[in-house]
Amino acid sequence: MLDSLTLLLEKVFFLTHLNVFNHFRTRLFFPDTQREREKKIVTNPCEKEEVPDPSVDTALPDSLYQRGDLLEVPRTLFTHFGIYLGDNRVAHLIPDILPLFTTDKRFIQVTVTNKRLVLGVLSKSASIRVDTVEDFAYGASILLNVMDTTVQKRPLDSEEIARRAEEMVGKIPYSLLWNNCEHFVTYCRYGSAISIQTDKFCDWLKSIIRDHRSVPLTAFLGILSVLFLGMSPYTMLPTLLVPFTLWMAG
């Protein structure tokens with residue numbers, strides 16, 4: 001029973017993020033040849049104001065990031081996390097079904113496609129991989145060590161943080177609720193695997209469960225399913241069990 005409830009929660013959490021996968025299909029999971037990069041600021045002698053110079057690429061990143069830093073890439077509904085290892089390399093956890101079928105790094109290291117990622121989520125398979133800062137960010141802005149202000153723990157030594165990340169590189173089980181990219185970086189940096197995003201989702205789910213208005217709503221939807229689909233175990237059991245469970249949990 002507990003395994004079934006856990007699986008249901010993971011699928012709900014996955015569906016709340018599904019539109020993000022479609023929205024960022026080409027930017028998040030496929031190589032982006034037009035990635036935005038930081039520009040050096042130069043002075044325009046005509047307008048006497050600072051403007052970006054499009055001919056200058058980013059000066060990367062050892063001057064910007066230190067080994068063991070926690071990098072965050074904000075998305076529409078979630079944030080992706082990684083640990084900076086130095087030399088323009090970032091270790092991060094990403095769902096991927098391919099490690100279930102091959103150990104050949106030549107195939108696994110290719111950019112994870114949308115299909116590979118979704119299948120990885122459904123099959124609970126992931127890999128902790130090392131990519132360049134640019135490939136990790138895919139054109140999005142990067143936040144540096146922001147979580148230090150919200151987690152009530154001091155970061156470990158920077159070398160220990162990076163060592164932990166490097167030791168975990170490879171295939172790993174995946175769970176949207178219990179083992180995602182945020183769990184990976186918090187374990188490396190603070191010594192405890194936590195996920196603020198998951199906690200917020202669970203709090204939102206609790207608020208729905210505790211709202212007794214959800215009980216008649218789910219009962220009404222169950223009755224509709226019986227009327228349109230007929231009486232069967234697939235319609236009657238959810239119609240009875242879901243409202244009862246919400247009532248008892250609330």
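So, a salt bridge is a side-chain nitrogen of Lys or Arg within 4 Å of a carboxyl oxygen of Asp or Glu. One caution before we go on: what you're looking at is a predicted model.

Okay, the overview. The protein has 250 residues, and 39% of them are buried. You'll find 11 helices and 8 strands in it. If you take contacts between residues at least 6 apart in sequence, 65% join residues at least 24 apart.

Now, back to those bridges. Side chains of opposite charge can pair when their charged atoms come close. Take Glu 166 and Arg 67, whose side chains meet at 3.1 Å, N to O. Where do these two sit? Glu 166 is in helix α7, while Arg 67 is in the loop between β2 and β3, so to speak a link between distant parts of the chain, 99 residues apart. With relative accessibility at 32%, Glu 166 counts as partly exposed, and Arg 67, at 24%, counts as partly exposed too.

Stay on α7 for a moment. Glu 160 and Arg 164 both lie in this helix, 4 residues apart, which is about one turn. Their side chains form a salt bridge too, at 3.0 Å, N to O. Is Arg 164 buried or exposed? It's buried, because its relative accessible area is 18%, and the cut-off for buried is under 20%. Shared partners then join Glu 160, Arg 163, Arg 164 and Glu 167 into one network of salt bridges.

One more pair: Arg 129 and Asp 131 form a salt bridge, with the closest N and O atoms 2.9 Å apart. Both of those residues are buried.

Let's go inside. In soluble globular proteins, nonpolar side chains tend to be buried together. Here the largest nonpolar core has 25 residues, and Leu 70, Ile 83, Leu 93, Ala 165 and Phe 184 touch the most other members. Helix α8 gives the most to this core, with 5 residues. As for Ile 83, its contacts include Leu 70, Ala 165 and Phe 184.

Just after α5, Lys 124 takes a positive phi of about 60 degrees.

Last stop, the outside. Ile 223, Leu 227, Phe 228 and Leu 229 make a nonpolar surface patch of about 520 Å². Leu 229 lies in helix α10 and, at 65% relative accessibility, counts as exposed.

Terms used: Residues numbered from 1 in each chain as written. Predicted model: local features only at pLDDT ≥ 70, side-chain atom pairs only at ≥ 80, totals over all residues. Heavy atoms only, no water. Patch = residues over 30% accessible without salt bridge, like charges linked within 9 Å, V, L, I, M, F, W, Y side chains within 5 Å. Areas by Shrake-Rupley, 256 points an atom, 1.4 Å probe, with all protein chains shown as cover. Helix = DSSP H or I, 4+ residues; strand = E, 2+ residues; numbered from the N terminus. Buried < 20%, exposed > 50% of the residue type's maximum accessible area, 1.4 Å probe, protein only. Contact = heavy atoms within 4.5 Å. Core = buried A, V, L, I, M, F, W, Y, C linked by side-chain atoms within 4.5 Å. Lists of a residue's contacts leave out its neighbours within four places in sequence.
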